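Reader: Could you take a close look at the aromatic rings in this one and walk me through how they sit together? Cut-offs included, please.

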Amino acid sequence: MEIKKFNLLFFSTLCLLHAFATATDVHYCDKKADYDVEVKGVEISPDPVARGQPATFSIAAATSQALSGGKLVIDLSYFGWHVYSETHDLCGETPCPVSAGNFVIAHSQVLPGFTPPGSYALTMKMYDGNKHELTCVKFGFDIGFGSSVADI
């Protein structure tokens with residue numbers, strides 16, 4: 001019986017360590033700001049991102065007030081150099097209106113096959129319909145060295 005308890009504890013610990021090892025570190029753009037939307041975490045699938053294949057960025061967040069709309073501004077940097085920007089309608093990335101409480105922003109995209117592999121930094125700013133900044137976060141992700149669909 002003691003061996004079963006040890007095995008359960010051992011495997012549970014391994015699972016927790018794996019979850020923490022694969023978690024994406026998220027940092028607020030301004031550590032002193034009191035943002036209206038709290039970002040709780042980011043999940044990237046697959047991780048690392050594969051060139052020429054769909055990648056999904058899921059951002060878990062919470063708000064204390066309902067949101068009827070807004071926009072997301074995404075900036076991408078490669079080794080510190082700004083390489084790409086895009087703007088999305090908030091309601092295109094999550095069902096609107098967003099009720100007070102927890103919600104998820106999910107964005108899927110296929111990165112071109114010629115995208116250089118390596119480490120990238122993504123900054124996401126969320127604005128309400130009045131252009132008031134609701135949150136701003138930064139996180140890193142990797143694009144793998146594997147072959148792309150364009151290479152096949």
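Author: Strands here are DSSP runs of E, at least two residues long, and helices are runs of H or I, at least four long, numbered from the N terminus. With that in hand, Asp-47 falls in the loop between β2 (37-45) and β3 (54-63). The model is predicted, so local features need pLDDT of at least 70, side-chain atom pairs count only at pLDDT 80 or more, and totals for chains, interfaces and linings use all residues. Numbering starts from 1 along each chain as its sequence is written, and side-chain values use heavy atoms, with hydrogens and water left out.

Asp-47 is partly exposed at 45% relative accessibility (buried is under 20%, exposed over 50%, partly exposed in between, with a 1.4 Å probe and protein chains only). Its C-alpha lies 7.7 Å from that of Phe-141, 94 residues away along the chain.

Now the rings: the whole structure has 6 aromatic pairs (Phe, Tyr or Trp ring centres, using the six-membered ring for Trp, within 6.5 Å; planes under 30 degrees apart are stacked, over 60 edge-to-face, the rest tilted). Tyr-28 and Tyr-35 are stacked, 5.4 Å centre to centre with 25° between planes. Tyr-28 is partly exposed at 29%, while Tyr-35 is buried at 15%. Phe-57 and Phe-141 go edge-to-face, at 5.2 Å and 75°.

Phe-79, in the loop between β4 (70-78) and β5 (81-89), is exposed at 60%.
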